[in-house]
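I opened the model today to look up its core, its strand pairing and its side-chain links. My notes follow in the order I took them.

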Amino acid sequence: MWTASVDPNDSPESVRDQVSAFQSRYGEKPETTLIAWLPTATTLASAAVAPSGTCVSDTITISHSQPGGALSVVSHLWGPFRSAPAVGETIDAKNAPLVGSRSTTTAGDGKFTTDCITISRAGYYVWTYESAATTTTPAFGSTQVFAGETTLVRWQPAATTVVSASTATKGTCVSDRITLTGMPPGGAVDVVSEVWGPFKTPPAPGTTIDTGVAKLESLATIRAKANGVITTPCRPLKSIGYYVYTYRSAGAGAIAPFASSQVFADETVEVKPAPIGLAYTGSSLGSGEIALVGIVIAGGGALLGAATWRRRRGSRSSSRANSPKRREL
C-alpha cells in the first residue's frame, strides 16, 4: 500500500513559503496492491483399510493461508473402484462414481477433519478436495491420487459346501465341493478344507466344531482364482463313525479372511462297516460230497459255519436226478 507526504522544508527556499505540508490518507483503494495468500493443503484418509459399513473421514492440513482467514474446503469421496487407482493418477470427476461430498470451514493454518461418509461396497475409495476463490485467496484444490487418500473395503467371499457322499464304507475316498461367490476380479486365495472326526454320534446341524478338542482327520489346501466351484482332493475315511468337513481362508491382499466351523448336513459323512461278505472253500469228501466252509462277517463280528453238500448218484432219466440238488446243513 502506498502513501504520500510533503514537507515544505524539503522544498527549494525560493518557493518554500508557497508550499503547504500535507499527508495522504491511508488505505486509498487506488493506492492498494494485494499480494494474495496461496494456501497449500495435504490430506489423509481416516483408514487405509476399513470393514464394510465404516464411516470414513478426511483430515485436511492447511498451510500458508491468511492468518485467521476463513476458507470453505469441499472434500469429495470417489469409488468404489475395482482396482487401486495409481498414485499420481487423476480422478475423472465427470465419469468416476461419487459416494458423497463434505464441506469444511477452515480458519487460518491447521488441521481440519471432514464429517464422515459411510462406505459399504467392496473396492477402493479416494478423496479429493477443492476450495473456491475468496477476496484474498485464489481457488485451489487437487484431483490427484495420493497414497494416504485411499481406503480399501476388502472383498468378503462367501462359500457353500457339499461332500461327494453322505454315507460311505470304511476306507472310502470322499471329496468336498466348495462354491465361492464374492471374489474380486483377478483375485486369488488359498482355501483350506478340514475333515474332523470320527464322532460316535452325528454332530447336530447348526452347532460348531470345537477345533481345540475335536480330532483333525486330514486337511487339504486348494487355490481359488475366481467365483465358482473348487473340488478338494478325495481323502479316505479310515474309521467307522461320523465326519464333518469345514473350511477356512486367511484371505490375501484385497480379499478378507473367511471361514466356517459350523456343522451342516451336507458336510457330514457317516462311515459304516463294510457290507456283509461270504467266503467259501470247497473240498471233495468222496462219493460226490463237497464240504463248504463259510465265514460270515456281520456287524464287525465273525461266525464260522460248515455245511456238507451230498450229491446223490442216479440215472439221468430219473426224476430224482432232475430234481433240485438237496442241501443238508
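This is a predicted model: local features need pLDDT of at least 70, side-chain atom pairs count only at pLDDT 80 or more; totals for chains, interfaces and linings use all residues.

**Core**

I began with the largest nonpolar core, which has 12 residues: A159, I178, L180, M183, V189, V191, I222, A224, I230, Y247, I255 and F258.

I picked I178 and listed what it touches, leaving out residues up to four places away in sequence. The list holds A159, T160, T161, V191, S193, G228, V229, I230 and T232. A159, V191 and I230 from that list are also members of the core.

**Aromatic pairs**

I searched the whole structure for aromatic pairs and got two. One of them is Y247 with F258, a tilted pair. The ring centres are 6.4 Å apart and the planes make an angle of 50 degrees. Y247 sits in strand 21 and F258 in strand 22 (residues 258-260), so the pair ties together parts 11 residues apart in sequence. Are these two residues buried or exposed? Y247 is buried at 10% relative accessible area. F258 is buried too, at 7%. Both residues belong to the core I listed above.

I turned to strand 17 next. How many of its 11 residues are buried? I noted eight, so I call the strand mostly covered, with buried meaning under 20% relative accessible area.

I looked up its pairing with strand 18. The two run antiparallel and share eight bridges. In this pairing D190 stands opposite R223. Strand 17 also pairs with strand 21, again in the antiparallel sense, over six bridges. There E194 stands opposite T246.

**Salt bridges**

How many salt bridges does a search of the whole structure find? I recorded three.

I took D190 and R223 to start. Their closest N and O atoms are 3.1 Å apart, and they form a salt bridge. D190 lies in strand 17 and R223 in strand 18, so the pair ties together parts 33 residues apart in sequence. D190 counts as partly exposed at 36% relative accessibility. R223 is partly exposed as well, at 45%.

I went on to E194 and R248. Their side chains meet in a salt bridge with an N to O distance of 2.6 Å. This pair links distant parts of the chain, with E194 in strand 17 and R248 in strand 21 (residues 241-249), 54 residues apart. E194 is buried, with a relative accessible area of 8%, whereas R248 counts as partly exposed at 37%.

I also logged K215 with E217. This salt bridge has its closest N and O atoms 3.6 Å apart.

**Disulfides**

I counted two disulfides. Which pattern do they follow when bonded cysteines are counted along the chain? I wrote down 1-2, 3-4.

I noted C55 joined to C116, with an S to S distance of 2.0 Å. The link is right-handed, with 90 degrees about the S-S bond. C55 lies in strand 4 (residues 54-56). C116 lies in the loop between strand 8 (110-113) and strand 9 (117-119), so the pair ties together parts 61 residues apart in sequence. C55 counts as partly exposed at 34% relative accessibility, and C116 does at 35%.

I then looked at C173, which a disulfide joins to C234, S to S 2.0 Å. This link is right-handed, with 95 degrees about the S-S bond. C173 is in strand 15 (residues 173-174), and C234 is in the loop between strand 19 (228-231) and strand 20 (235-236). The two cysteines are 61 residues apart. C173 counts as partly exposed at 36% relative accessibility. C234 counts as partly exposed at 43%.

Note on methods:
Residues are numbered from 1 along each chain as its sequence is written. Side-chain values use heavy atoms; hydrogens and water are left out. A nonpolar core is a set of buried Ala, Val, Leu, Ile, Met, Phe, Trp, Tyr and Cys residues joined through side-chain atoms within 4.5 Å. Buried means under 20% relative accessible area, exposed over 50%, partly exposed in between (1.4 Å probe, protein chains only). Contact means heavy atoms within 4.5 Å. A salt bridge is a side-chain nitrogen of Lys or Arg within 4 Å of a carboxyl oxygen of Asp or Glu. Helices (H or I, at least four residues) and strands (E, at least two) are DSSP runs, numbered from the N terminus. Two strands pair if DSSP finds at least two bridges between them. A disulfide is a pair of cysteine sulfur atoms within 2.5 Å. Rings of Phe, Tyr and Trp (its six-membered ring) pair if their centres lie within 6.5 Å; planes under 30 degrees apart count as stacked, over 60 as edge-to-face and the rest as tilted.
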